[in-house]
Structure formats: C-alpha cells, structure tokens
Amino acid sequence: MSSSSPVVTKKARASKDAAGPVVIRVPEHTVEIVSDSGEGAQKCGQIFGQVSAKMGNGAWTVEIIPAEIQPPARSGPGASGNRIRIGTQPVTNWGDAANLVVAFNEQALLARHELEALHEDAIVLVENRWATHDDDDIRREWTTAMEVLGKQDYRIIPVPMEEQCLTVTDNPRRGKNMFVLGMLAWIYDRDIELIRDAIRQSFRKKAEAVARANIELMELGYRWAEANLDFRVEVPIEKPPTPMIVLNGNQALAMGAVAAGMDLCAMYPITPATSVSHYLGEIFEDFGGIVHQAEDEIAAAGVAIGASYAGKVAFTVTSGPGLALKTEFIGLATMTEVPLVVLDVQRGGPSTGLPTKVEQSDLLAALYGQPGDAPKVVMAPATIEECFHMVVTARRIAELFRCVVMVLTDANLATGVQPFPRPQLDPRWQAAPPDLRPVPEGVKPYDWDPASGLSRRFIPGQPGGMHTLTGLSHDEYSHVGYSPDVHERGCAMRSRKLAVFQTTLKPPGVYGDTKGDLLVVGWGSTKGAIEEAVDRARARGLRVSSLHLRILSPLEPGLKEIFSRFRKVATVEINYSDRLGDPYITRENRRLGQLAWLLRAHTLVDVDCWTRVPGQPLRPKGILEGIESMMPGGHA
Amino acid sequence: METSCSFLSCDHDDDERSWTMEDYAGAIPRWCPGCGDHAILAAVERLLETEQLPPERTVFVSGIGCSSRFPHYLTTYGFHGIHGRALPIATGVKLRRPDLHVFAVMGDGDCCSIGAGHWIHAVRYNVDMVALMLDNGIYGLTKNQTSPTTPQGHPSNTQPKGSHLMPLNPLSATLGVSNASFVAQTADWMPAHVYATIAAAFRHRGFSFVRILQRCPQYTDDLFQEAVRNPNLVEMLVHPDGVDAPELEKIFKNRRVHDPKDLDMGRHLAEPFDRIRLGIFFRDESRQRYEELRHQRIHTAQERIDRLNEEFEKYAV
Ligand code: SF4
C-alpha cells in the first residue's frame with residue numbers, strides 16, 4: 001500500500017466501502033496510455049488492445065508516436081503511447097477523445113489535453129512522483145500543469161507508480177508499463193491469463209526471468225488498483241459469431257503476402273512500413289519465402305522485379321520517400337509488363353515529412369508518379385481486414401494483367417490493431433508454380449489480344465520463349481520499335497488492360513440514403529471515422545451519405561451516376577488542400593485534396609473537399625464539423 | 001556453375017540438344033564499326049557454345065548504354081533494364097532462380113556512376129553471376145560525356161577542357177569490398193584473353209567481376225591505341241590458377257606470375273601502373289554466396305496454408 005492515497009479533484013470520490021467499486025457500464029470506452037518514449041506505454045497499450053480484442057470486445061488501437069527514438073524526457077512532443085477504443089460492437093475508428101487516461105508524467109498528459117485528446121469528464125491516472133521530486137523545476141512544472149488540468153472537469157487520480165514498482169524492481173522506469181497494464185486489467189476486468197500469455201510472448205526473445213518480473217509488476221498493478229480504486233469499467237462482451245483474429249495492419253499485409261503465395265519481400269528500412277518486414281523476417285522462411293533487405297529503395301524494387309521476371313511472386317514495401325525512389329523501376333515494370341506488387345504505407349510528406357504519422361498524400365504520386373504514361377492499378381484498404389485480403393487480390397491482378405499493382409495503406413492502419421473474421425485460406429489465392437513448359441511456336445513475348453491488351457508472359461526456363469524485355473518502346477516481339485505507331489500501339493495495349501479490369505468492377509455502395517444533399521467520398525483508413533460522422537450528422541437531420549473507394553485506378557464504375565443523386569459531393573481526406581477564405585485563396589487557384597482532383601477530372605462534377613493534415617487519424621467530431629461546413633451553401 | 005535445380009519440375013540435365021554459335025546469335029548488332037563490343041559479344045557467344053548453355057536457362061541482364069544493348073544481340077532470355085540497375089534485377093533473378101545462368105552486362109557509367117551503390121553491394125552479396133563491365137571510359141550512347149573512368153584531362157562534351165578528376169579505379173574499388181570473390185581484367189582487342197577470362201569468371205561460383213577495357217573509336221579512340229599497337233604496354237598476370245591463353249604468349253612478353261589467392265598482391269597490382277595489367281587479380285571460391293545463405297525449400301500451397309493457420313492461432317480471439 002502506498003503512503004499517498006489517491007486524491008480526487010473536482011468530483012467527489014465515491015467512498016470505497018464494502019459494496020465495492022462503482023461499475024461504469026458502457027457500450028464503449030476509450031483509454032489512452034502516454035509516457036516518455038522508451039517507457040513502454042506502447043507495449044502496454046498493445047497488449048491491452050490485443051487482449052481486449054481476444055476477449056471479444058470490438059477494438060481499434062492507434063499508436064501515439066514521437067518522431068525520434070529518444071526525445072527529451074517529460075516533454076509534450078515526446079509523448080508516446082497508445083489509444084485503445086474498445087466496444088461491445090466492432091469499433092471502426094479511434095473516436096474523438098479518451099475516457100480514461102494513464103499518464104507516466106504530467107507533461108505528456110498536458111500535451112494530450114492541449115490536443116483535445118481527453119473527453120471532458122475523463123478519468124486521469126497520473127504518476128505522482130513528480131509532485132515531490134528533488135528538482136525544483138520539475139515540481140514547479142507539475143504544479144503549473146496541475147493548475148491547468150485542475151480547471152477542467154477531469155477526475156485526476158495521482159498514482160504512486162514508481163513507488164509501487166520499487167517494491168519489486170530496481171529499475172521502475174522499465175517496469176511501470178506493466179504496473180499500468182495490471183491497473184487496466186483490474187479496471188476493465190481483463191482475462192489475466194491472456195495478459196500473462198501476451199507478456200510471455202512479448203518477451204519470448206529474452207531470458208525467462210524477464211517475463212516473470214514483468215508479470216509480477218503487472219500483478220502488482222492489478223492488486224494496487226483493486227485496493228485503491230473506487231471504479232471499474234465494464235464494456236460488455238458479445239462473442240462474435242465467427243472466429244476472429246487480431247492483427248495490426250502491417251502484420252495483416254505480411255500475412256496477406258504469405259496467403260498470396262509470395263516468395264520474396266524486397267525492402268529497405270523505412271518508417272512506418274518496416275514492421276511488415278520485421279514480422280515477415282520472423283515467419284517468412286517457414287513458408288519458403290525470404291525478406292531481402294536491399295542496399296537501397298531502388299534496389300529493393302529491382303530485386304523484386306528480377307524475381308518476378310524469373311517467375312517468382314515478389315513484392316516491395318515502402319513509404320513515401322521510398323516510393324519516390326522506386327519510380328523509375330515501377331515505370332520499367334509497367335513498360336515490360338512484369339507483374340509487381342508495391343505496398344506503400346503512407347506517412348506525412350513531402351520529403352521526410354512526418355515519418356511516423358498518418359497521411360493520405362501519395363495517391364496522385366501512385367497514379368502519376370512515373371514520367372510517361374504508366375497505367376497501373378492502385379488500391380487502398382479501408383480496414384486491417386482489407387489489408388490482408390487486398391494483398392491477395394493485388395497479387396492476382398498483377399499476374400493476370402501483367403501490371404504493377406500499388407496498395408496504399410497508411411501509418412494509422414500499419415500500427416492499429418483490430419479484430420476481424422479469421423480468413424478461410426484458399427490455395428487458389430496463391431500463385432501457381434511457374435509453368436516451364438516450352439512456348440508454342442509463333443507465340444510472341446507480348447502476344448497482346450488486340451482488344452484487351454492482355455497477354456500471357458513467359459519466363460526464363462521455358463524453351464522456345466527466349467526474348468529480351470526492354471524498357472524501350474517495343475512491339476509484340478519485344479523488338480525496339482522506331483516507328484510512331486509502335487509506341488502508340490504499346491501505350492494503347494498497356495492502357496487497355498486497365499479498362500478491361502474496370503469492366504469487372506461493380507459500382508461502390510453508398511452508406512446511408514442513395515440520394516441527398518451531401519455525399520462524402522473517402523478512401524483508405526478514414527472509412528470508420530467518416531461513417532461515424534455521417535451517422536451523427538444524419539441523427540441531427542442532415543441529409544448526408546458517404547461512399548468509400550477501394551480502387552483508385554481505374555476508378556470504380558458508376559461514380560458520375562451516384563454523384564448525380566446528391567446536391568453536392570465532397571471528399572474527406574488526410575492530405576493538404578487550400579481553404580477558401582485563407583489569404584490569396586480563390587476558387588480559381590485553390591488546390592484540392594488528391595481524390596477531389598481525381599474525381600473532378602473523372603466525373604466533371606464540382607467536387608469539394610474537407611481535408612486536414614494533423615499527423616493523426618481524423619476524429620469523427622472533426623469530420624462532422626467538416627460535413628456541417630460543406631452542406632450545400634457552405635464550403636470548407 | 002551447375003546448381004541443384006530444385007525449382008524445375010522438368011530436368012534438363014539429360015538434355016540431348018546441342019547449340020551452335022548461330023543458335024545464340026540475336027538481332028544484328030547496331031554498334032559502331034570498330035567498336036570493341038563486337039569482339040566481346042563474339043567471345044560471349046563462344047563461351048555459350050563451348051559450355052552448351054541451354055538458351056532458355058541463360059539470362060542476360062543489362063542497364064542502359066551502348067554495351068547494354070548486349071541482350072538484344074543474343075538469343076537467350078534477356079532483360080534490358082534501366083540505367084545503372086542491371087545488378088539488382090540480376091540479383092533478384094538468381095536469388096529465386098538459382099537454376100539459371102545469369103550474366104549482367106554494364107558500362108562504366110552504368111556500373112561505376114549511377115549504379116555504384118548496387119555494384120558495391122553486389123560484390124558483397126556475392127551472388128553467383130558473371131558481371132561484365134565494358135569500360136570505354138566515356139558515355140557513348142548519350143554522345144560523349146565524361147564517365148568516372150575517363151582519364152584526367154580527356155575532353156568530352158560535358159568537360160570540354162578535359163576531365164577534371166582523377167578517374168575511379170574499378171579494380172581497386174571492387175577488391176576493396178568485403179566478400180569480393182573474383183576480380184579480373186581483360187581487353188577487347190585480345191579475343192582469346194577475353195574468352196579465357198569470361199570462361200574463368202563463368203566457372204567461378206560467386207560474383208565474378210570482369211572489367212573489359214573496350215575501345216570506343218567514336219569518342220575515346222586514343223584511350224587504348226598505344227596499348228593496342230604496342231604489346232609491351234601490357235602485362236599479363238599468369239598462374240596455373242589464372243587465365244590461360246597460350247596463343248598470346250608469343251605476342252605479350254611481359255608476364256608476371258600472380259597467384260589469384262593473394263588478395264594483398266592483387267590489390268597492389270590493381271593500382272595504377274605504366275602497363276595495363278590483364279588477368280585474374282583475385283579469386284576465392286570459399287566466400288559465402290548470398291543465394292546459398294538464403295536458399296529456401298519450395299513449399300506447396302497446402303503446406304503454406306497449414307502453416308499460416310498455425311500462425312493465425314497465435315492471434316485468434
Ligand atoms: S559510341 Fe563507342 S561504345 Fe558506343 S557503339 Fe559507338 S564505338 Fe561503341
């Protein structure tokens with residue numbers, strides 16, 4: 001037991017009597033854990049999210065990531081952690097604000113407060129050692145922060161985390177996260193055995209004693225909470241009807257690559273894409289695949305193209321700056337019709353931009369990044385489940401259409417954790433083993449079907465198929481062509497394939513009424529937040545619906561017809577656009593969100609947009625404000 | 001260089017087919033008359049014929065430049081890629097298809113300038129392939145620009161008052177990279193030596209780097225003129241484990257015994273000298289090869305599914 005018992009500000013503390021703690025029963029609850037970088041709040045949050053999902057709660061986790069590995073201690077920008085939103089029903093986004101916050105120091109807490117990350121009546125559990133710290137400055141900072149926070153309606157409960165941890169460890173800095181995990185386990189009544197398993201799994205590469213010590217700390221937190229806290233939170237569990245698995249987006253991409261029968265992942269380290277290869281690095285060889293860490297981003301694309309050319313199924317995974325470097329090779333794969341899957345886990349840009357943070361700014365680069373006409377398929381999963389399945393689809397399209405398929409996810413999906421129905425694996429998802437039978441006489445290397453541009457490729461090892469692929473403009477024999485019609489024809493054949501693919505697609509479904517005042521169009525990871533905002537807007541009587549696009553090149557069919565049923569169409573995106581009303585910005589010079597440009601060009605509809613680049617996922621609340629501002633008559 | 005052919009369902013080893021030089025010939029070369037590339041192509045065709053490499057299991061990858069037209073002039077599989085990036089493509093091919101015979105053909109700008117990063121790392125990967133660097137000391141295809149190997153003072157369109165910098169020494173650079181396993185130099189005007197060198201490179205298991213001094217009558221005609229006329233300006237590195245071209249013994253009298261196992265001496269010999277040294281500077285068969293380190297058994301679709309289902313268990317709700 002601690003000497004400093006919890007104090008309560010503003011709100012009266014329910015007395016902790018024999019009746020036990022007050023149970024707050026809610027359909028959903030959002031918890032944030034924030035610390036200095038390196039104190040393990042993320043690990044704590046990940047385990048909490050995973051265990052909640054495994055127990056059958058809906059869950060969505062988002063990492064709060066500082067850009068540096070070791071930012072200064074006790075600094076707002078250095079706040080690192082995790083937000084976990086759990087629910088009785090599936091959770092589709094990170095919500096607006098946290099109902100419960102656990103902070104390892106008051107500066108991280110203050111930073112979250114300033115970012116409006118806390119619900120107005122949030123419960124806050126904060127490490128109290130700073131209040132009595134030897135350093136005058138630190139004590140002053142504590143007092144100042146508490147003055148600010150004390151003016152809010154938060155219920156602040158100081159917790160002697162370090163003091164408690166010192167009873168079982170010499171280095172509480174390394175163990176506080178487990179103490180916190182234990183507190184959360186008690187508060188939310190989590191399955192303690194699942195938590196122990198998760199801790200063991202997390203420390204499996206270290207000595208057994210490490211896991212044991214961490215479990216001990218977790219149990220200490222659990223007991224402390226039980227003895228000292230007067231509330232618990234119950235988010236009822238309804239077991240989902242189908243078996244579920246819990247993955248983050250990058251794991252889902254990696255497993256999708258395995259399910260697609262990929263042989264090679266060629267990559268170069270880049271945030272936030274690298275963890276795809278971390279995970280694959282652990283498991284891929286068990287499937288006969290390899291992760292090749294190339295000398296640079298360009299080589300990673302080249303090695304993938306080489307392997308694919310040789311009949312193996314290869315992909316490369318990167319983020320914005322890496323995508324820029326791969327541009328020339330992507331053009332080569334397009335020109336030579338070598339199948340290639342490129343996974344782009346988007347981050348903020350341009351340049352180094354926001355390396356750890358979410359943005360949707362690579363759309364036009366994906367579509368048009370290559371000089372010359374380089375038609376390719378571009379897709380974007382909206383959920384972690386779709387991350388998995390889209391890699392499988394991408395592989396098939398790349399092979400069938402002999403083209404580049406680019407899959408755009410983002411930092412939000414990459415590190416977020418969500419449960420989803422366990423995929424029923426199908427052997428047909430995997431590439432057939434390379435066919436090395438002789439090539440029948442007369443078949444050309446690009447035996448383009450004149451209508452569709454489709455052709456079968458042959459690979460080294462097939463007798464009779466010898467030819468030289470070239471990035472130069474060429475005819476169906478892969479001979480370098482110098483006449484004007486050779487280039488015209490090659491371009492047509494490569495472009496035609498996209499049209500053929502487009503004819504296989506169905507028009508996307510509208511969320512909400514199929515006609516109304518405003519249609520919000522989104523793509524990628526924003527789907528859940530947009531739909532939640534649309535629900536709230538409709539509840540307020542606004543005639544709003546939404547549409548979410550998965551295939552961005554070629555665009556899904558029927559858009560113009562769908563748009564015609566709404567008075568106004570606008571995109572919601574996490575990329576930059578000018579705002580009318582800002583200096584110099586006029587309707588003529590205003591630069592729009594990337595999907596908005598695309599839809600305008602495609603449909604000739606006057607598509608508006610509401611976009612933001614906060615370096616974090618959009619909140620339903622923000623989108624709702626955007627919707628209200630864009631209702632016909634208003635603008636963003 | 002025969003490797004186990006686990007990838008192939010069919011087995012070519014009891015192949016009864018045979019191929020002549022003509023079978024390997026491709027399109028009519030469009031290099032300038034007198035260009036050294038013609039002789040190198042002929043030597044490569046001779047190698048293919050001598051080794052009877054099945055054309056369908058032979059892959060030539062190239063970058064961009066005069067020399068990179070190479071694959072078009074052969075009837076094997078070929079990949080004429082992008083400038084500087086032949087090696088990543090070739091690495092990808094060999095890494096996942098060790099049953100194929102892989103050649104990479106590059107120019108000096110290709111390999112030592114825009115593709116320099118790939119070159120260094122390809123040496124370190126030591127993937128089994130023959131890398132031919134056709135060095136004419138200039139950018140030919142784009143019409144006369146200074147390359148990293150252009151001699152200092154040699155004028156070009158980009159440096160009309162003469163190349164500003166000391167040239168880069170591709171041999172020393174390659175020999176300086178960890179895990180280098182085969183480094184040799186030959187010259188296009190001695191077809192017998194070119195053949196013998198690339199044959200040794202082909203037989204070496206690992207990344208065989210061969211710099212071929214190549215005449216470009218169009219832009220660097222003066223570069224090797226003297227050496228071509230005067231065999232005394234050439235020094236042959238000879239050894240029982242080296243390159244053997246007996247027909248050259250009478251003409252090239254400067255012979256120096258060098259054991260290709262001796263890396264220090266190889267590095268010393270690669271330094272600038274008043275004669276052009278040809279032969280094998282270094283060879284070590286024992287160096288680790290990346291494609292062997294990374295070799296994986298092929299798994300069936302069902303095996304993958306079973307294993308992935310096991311993996312799912314860890315993440316099951
Ligand atoms: S420019 Fe030089 S290297 Fe190029 S083809 Fe002509 S002679 Fe050969």
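**Note on the ligand shell and the A–B interface**

1. The shell around the ligand comprises seven nonpolar residues, three polar residues and no charged residue (Ala, Val, Leu, Ile, Met, Phe, Trp, Tyr, Cys and Pro count as nonpolar, Asp, Glu, Lys and Arg as charged, and the others, Gly among them, as polar). Its members are B:Trp31, B:Cys32, B:Cys35, B:Cys66, B:Asn136, B:Gln214, B:Cys216, B:Pro217, B:Gln218 and B:Tyr219, each with a heavy atom within 4 Å of the ligand.

2. This is a predicted model, in which local features need pLDDT of at least 70 and side-chain atom pairs count only at pLDDT 80 or more, while totals for chains, interfaces and linings use all residues. Residues are numbered from 1 along each chain as its sequence is written, chains are lettered from A and ligands numbered from 1 in the order in which they are written, and side-chain values use heavy atoms, with hydrogens and water left out.

3. The model scores ipTM 0.96 and pTM 0.94. The average pLDDT (the predictor's confidence in each residue, from 0 to 100) is 94 for chain A, with 96% of its residues scoring at least 70.

4. Where pLDDT is low, the predicted coordinates should not be read in detail.

5. An automatic or database assignment divides chain A into domain 1 (22–234), domain 2 (245–428), domain 3 (436–503) and domain 4 (510–630). The C-alpha centres of domain 1 and domain 3 of chain A are 58 Å apart.

6. Chain A contributes 72 residues to the contact and chain B 55 residues. A:Phe287, A:Glu295 and A:Met466 supply 12% of the area that chain A buries against chain B, more than any other three residues. Between the two chains about 5500 Å² is buried, carbon and sulfur atoms giving 63% (accessible area, 1.4 Å probe, lost on being put together, summed over both).

7. Four salt bridges are counted between chain A and chain B (a side-chain nitrogen of Lys or Arg within 4 Å of a carboxyl oxygen of Asp or Glu). A:Glu285 pairs in a salt bridge with B:Arg294, their closest N and O atoms being 3.2 Å apart.

Technical notes. Contact = heavy atoms within 4.5 Å.
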